[in-house]
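This briefing goes through a few parts of one protein structure, topic by topic. Please look over the sequence and the model before reading on.

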Amino acid sequence: MREEAAKKAKRRKIIVQSSVIVGVIAVLTVIGLIIFTSVGGTTSVANPKNMLSGGLQLTASDKAVTTPAIAPGAKPTPTKQTLDGKTAHIQIWLDYQCPFCDQFETTNAAQMKQWMADGSATLEIHPVAILDSSTNNQYSTRAAAAMSCVANYEPDKYFDLNSALYANQPDEQTGSGLTNAKMLSLFKTGGVSSSAVTDCVNKQTFAKFVTDRTNEAVSNSQLKNPTSGGFGTPTVFVNGERYQGGFTDASQFAAFVAAAVKDAGSSGTYSFPK
């Protein structure tokens, strides 16, 4: 009887210990999920807020449209726009290492800023990374992820910091890419210096978001250039029409924008890309 009682006590001890271990694992799993899905502070997040379409939409140079983040595992939701015969809805897919993007941005930033200020245009910027290399230390991804941090925490500063990165763009062939510290220094000069943004940039919190959006852009037939048959940057659409003009002529782009607004007319709403 004493031997049987000892065996029962041993079995009970094993069951209790197993239950405690399972309980601890369950608690740790819940904590991990909470940390993964939280937005803010130094926690790791899946996708940035204010980029539900995969890009950040600006209605003025210093005013971003706020949105929830793309749900983990979900696809972006294209922005629905109203075609009113007066407003140009400009969408740009860009790479911060791309010299042609630099040309386009430098040439057209001032007039796009003015169009947004007077209400005649909106701008949606989609940062992607197609020019990563070991030489530039994956700068395309790091810069796009850093700007996604800005979109998440300081979206109204996005336009000016976008311009700041292009004003300091490293050489595509010989440059090693801006360091995270240099990007953060530019952000600070532009009025963004919170610990949340600093941690986000240094931890590359949104690198996977950039990779996912890049893969989607490359595989989307609507974004492929009909001339080359592939996706490249900058890719620019206005009211759903592709711009195929030069990158260094502001008047040419302005004329295209005016024509795109006229062509679209007042024809309800649209979402691009589908």
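Helix α3 is mostly covered, with 14 of its 15 residues buried. The model is a predicted one.

**Helix α3**
- α3 runs over residues 139-153.
- From first C-alpha to last, α3 reaches 21 Å, close to the 21 Å expected at 1.5 Å a residue.

**Helix α2**
- α2 takes in residues 99-117, 19 residues in total.
- Its reach from first C-alpha to last is 27 Å, close to the 27 Å expected at 1.5 Å a residue.
- An α-helix has 3.6 residues a turn, so residues three or four places apart point the same way.
- After α2 comes glycine 119, which has a positive phi, near 80 degrees.

**Threonine 79**
- Threonine 79 sits in the loop between β2 (63-64) and β3 (80-83).
- Threonine 79 counts as buried because its relative accessible area is 15%, and the cut-off for buried is under 20%.
- Its side chain makes a polar contact with the side chain of glutamate 124, at 2.5 Å.
- Apart from neighbours within four places in sequence, threonine 79 is in contact with Ser53, Gln57, Glu124, Tyr270, Ser271 and Phe272.

**The cavity**
- Searching the whole structure gives one cavity of 30 Å³ or more.
- The volume of the largest cavity is about 50 Å³.
- Thr79 and Glu124 both belong to the lining of the largest cavity, as do Gln57, Tyr270 and Phe272.
- β4 and β5 are the elements that give two or more residues to the lining of the largest cavity.

**The largest pocket**
- The largest pocket holds about 300 Å³ of space.
- It is lined by 19 residues, and those closest to its centre are Ser53, Pro76, Glu216, Asn220 and Pro273.
- Two or more lining residues come from each of β4, β5 and α7 (207-219).
- With three residues, α7 gives the most to the lining of the largest pocket.

Terms used
Residues are numbered from 1 along each chain as its sequence is written. This is a predicted model: local features need pLDDT of at least 70, side-chain atom pairs count only at pLDDT 80 or more; totals for chains, interfaces and linings use all residues. Side-chain values use heavy atoms; hydrogens and water are left out. Helices (H or I, at least four residues) and strands (E, at least two) are DSSP runs, numbered from the N terminus. The expected span of a helix is 1.5 Å times one less than its number of residues. Buried means under 20% relative accessible area, exposed over 50%, partly exposed in between (1.4 Å probe, protein chains only). A polar contact is a pair of N or O atoms within 3.5 Å; within protein, one must be able to donate a hydrogen and the other to accept it, and residues adjacent in sequence count only if both atoms are side-chain atoms. Contact means heavy atoms within 4.5 Å. On a 1 Å grid over the protein atoms alone, a cavity is a set of points where a 1.4 Å probe fits but cannot get out, and a pocket is an open set with protein on both sides within 12 Å along at least five of seven lines; lining residues have an atom within 4 Å of a point. Grid points are joined across faces, edges and corners, and a volume is the space filled by probe spheres set on the points.
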